[in-house]
Amino acid sequence: MVSCLACRRWVVVAVLLWGMQAAGTAYGQAERYALAMRGVPLEEALARFVAVTGVALAYDPALVGGRRVYCVVQDETAEGILRCLLDGTGLDFYRRSSGTYVLTRPVALPPQYAVLAGAVVDARTRAPLPYAHVVLADRGLGTTTNGAGQFAFPQLLPGRYAVAVSHLGYRVWQDTLVLDAGGSAYVRAALAAEPVPITPIVVDASDVEPGDGVRARVDRQEPPVGFATETGTTSFLPLQALAGVRLSDATADVHVQGGAAGDHLLRLDGVPVFMPRQTVGFIGPFSPLALARITVHRAGFGAEAGSQTAGVLEAEHLVESGDGFEAQVDPLSLNARLSLRTGPEEAPRVALMAAVRAGPWAAYQPAALRRTLRRWSTPDPFVLLAPLRRYQDIDPDFFRETLLLDPDPEPRLAFSDLHAALRWHPAPLRTLYASFYRGRKRLAGDLFPDAALRKSFALVNTQGLVTVEDTYDWAGGTGQVRYDAVLGGPTLWSVQARAGHYRFDHDYQFFEALALDIDEARVQLGGPATRRTRDGNRVTELGLAASLDHTRGAHHVQLGLEGTVTDSRFDLRLASVAEGTMSLQVRPVLEGNAPLDLDSTATFTMVHRQVRHAARATRVAAFARDRIRLGAAVSVEAGVRLTYRPGRQTVYAEPRLAATYTRAVGGLGPVTVRLAAGLYRQFVSQFDLSVLNAGALLSTARIWLPLDASVRPPKVYHLAPAVTLTPGRGWTVRLDGYLKHQPHGLTINYAADPAGLPADGKGPQNAFLTSFRARYYGGSVALERKGERLRVRAAYTRSVARWHSDDLFDGRRVSFPWNEPHRLDLGVDWLPAERFTLSLRAYGVRGQTWALRRAYYDYFGHSPRTRYHPPYDLGDPDAHRLPDRYGLDLGAAYTHPLGPARLQLRLDVLNLLNRANVADRRLVFDGDGLSTAPRLLPPRFVAFAARVSW
């Protein structure tokens, strides 16, 4: 019985169809019912519900008055029936331990969300890991870390969460967390690298992960197959293992998917690095001990990566590597790095790093490298012959035997760089990061020793076509300060101030007018012999950038704003084929009593001009990107980049879109498919100007230019599909493709009238730049197998890159000189013992054109008066094909512990078969006409390196 007071507040309805025992039995057996009610008063509906199901139900009559029921269900439990009856009424229920259901109003309080934030670091070095994937596996939520390795999940409901963190080259980190209502949790995920015995700076092919850009990462922890014993002298050598990225064997320039060396941008800690021309492929721009990783963004990269027509390379310093010292000695460089940190080992508060590298050329010169530089520096008399109208009438002995230049010069090479970085954590989710880099390279040689003077002759008014005493000096540096923080739960932000500088000086002498007489007693030099001059390029860039990452639900939004000022000026002495006269006069003289019967006069049609140009450009860029997860299998990334150039008062838009789909397919295992597309522009360009000079040590001079208002920025459309399959344990198959259409690009106009070239620094850039159109397409397929002791990788790459300009080569479409149409790569790593590693890598290249020196085509290939030199047509570079190129490298490495220290010994043999691969050819005039002389790539090169770390 219920008291009267209780009757006023509650009515207990208890209908027993077969007694309480029968009702309990029915509930225990989960008897199912069918119900159809439309517009029935709630009170009546509840009475029918109790009568039929036999459950005990208690409620306040004031709750149900005036409410009606709309419910139709079939094959439902009693509790499901009650839930349907209350749907839309604003009422809820709960069940007491006795089994009685009680109706109530829902508690109208706002949800008490929880926040999960944290950082992802390397377990050994404690360095932050950017672009790591953080997934709440049981909730279908995911995000990526920012540049400081930080992440955040806002507005999470209280409960238990399974967290998984993954990064290329690391084991997956997992943990389970319980979040309280209104609370917050901080996670520091320390990812352990896959175990490898040797840890140089490396490149691994890109994993196409859901929501990730088409990028590949350079990391110290896991070398690509075939590079486990790489000596570490250059941080760019292992880029050859990356699909779509090619490293020039001759100059170490990087080419991304058919693009020129200036179509991609290299950034160090977010600061553009204006790279000098690399002298040889063995020596990279940075100390290998100073870098932690390099990320390569290829075709289809996102709006946050920047504006470049081919790609972006992001290098990062290694800072949190523990207290200690590391040193490496190899044939080409001396390297050292010092690291210090304060605070607990698992979360250092302050970390410092300093690294230095220097080349020991003055003390030791590897014989193979010295021979290569000497051969590459061989003077080229064909640049004297090509403009002559009747060079066939000149006695070939004159050019073969009386050339002034040393046929075997001795270049001098020196380089050094300094790195420093500091990372301070004032709080777990606050980071201040500062870094500095300064590098220098110098190449010099004297091509006019007295011993080379053999006969008597005169050169008159050669106007700079013969150079002696070349000295090239490059210097560059970067500096930046960045602050990263997590604001509350949903937002991460970063602000950075940065600066970069580049300086190039070319000091040399050239013969302006020369008269030489030799008799039996002495060598006599008469007249004004040489003139000293200097070429140069100066570039300074200052920038301020801020970005904001915000995560909400399935959306990961990134916003950014950048302001940049770039100042550039150059002063170069350039040659142009045009109407004019230059005479090469050879007069007969006596050698003993026998006269030399040499031809008298020939006429050049060439003009040299000192070109000066200065430009300052200001740009303001903003970008927005939203990465959306549409379920567990599909993610979409949409973004746009807007750049305003005050000089043209124009806003340039670069929309970009990508989609990724991941699914397990039968025996193929997980399959990831990605398709990316977008529009890409470029506002600062690099140009390598061919040098027309018989005695120049280098064939090109590199300058950097921010574009002025006289030219439009280059524009390229990208379409990039990629597929990754994992058909079995340790097996990976990757297919990468790209299609790039370039309706507008910029190149040097070698056919321009020299009278129009700017000499006062104020001329427009369209006086020496011209537009071209290009198309690039290709792809690669790579098969990789990784076991505990054996790793194997094989890849084939197909590349087509062709361009045409209305001003050059009569408007015909030609290939780019650096493009490799067919390339096959093979890599093997074998661990026969715990501390011993053997590596082998082989490659083959077929179909490369532009077989002659590029200056021939650039200066002589655009005019009918200079292009034909039977049997060679310098206006058709695709007709001249290089022989197939093959290479085989072998390496061995041994690691030995020395108490708290570790000793690494490495031996690498590059070009093991000593194959005479041809970089290009020069033309040589002899009595039978023209023949070719090859410029060979480096022969067999043995490098022994020792590294000590503690």
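Modeller: A disulfide is a pair of cysteine sulfur atoms within 2.5 Å, and the structure holds one. This is a predicted model, in which local features need pLDDT of at least 70, side-chain atom pairs count only at pLDDT 80 or more, and totals for chains, interfaces and linings use all residues. Residues are numbered from 1 along each chain as its sequence is written, and side-chain values use heavy atoms, with hydrogens and water left out.

Colleague: What makes C71 and C84 a disulfide?

Modeller: Their sulfur atoms are 1.9 Å apart, and the cut-off is within 2.5 Å, so the pair counts as a disulfide. C71 lies in strand β4 (residues 68-76) and C84 in helix α5 (residues 78-86), 13 residues apart; helices (H or I, at least four residues) and strands (E, at least two) are DSSP runs, numbered from the N terminus.

Colleague: Why is the disulfide of C71 and C84 called right-handed?

Modeller: Because the torsion about the S-S bond is about 125 degrees.

Colleague: Why does C84 count as buried?

Modeller: Buried means under 20% relative accessible area, exposed over 50%, partly exposed in between (1.4 Å probe, protein chains only). C84 has 16% relative accessibility, so C84 is buried. C71, with a relative accessible area of 2%, is buried too.

Colleague: How do you know that β52 and β55 pair?

Modeller: Two strands pair if DSSP finds at least two bridges between them. Strand β52 (residues 901-910) and β55 run antiparallel and have nine bridges, so they meet the definition. One of the bridges joins R902 to S949 in β55. Strand β22 (residues 324-329) also pairs with β55 in the antiparallel sense, over four bridges, and there V329 has A946 as its partner.
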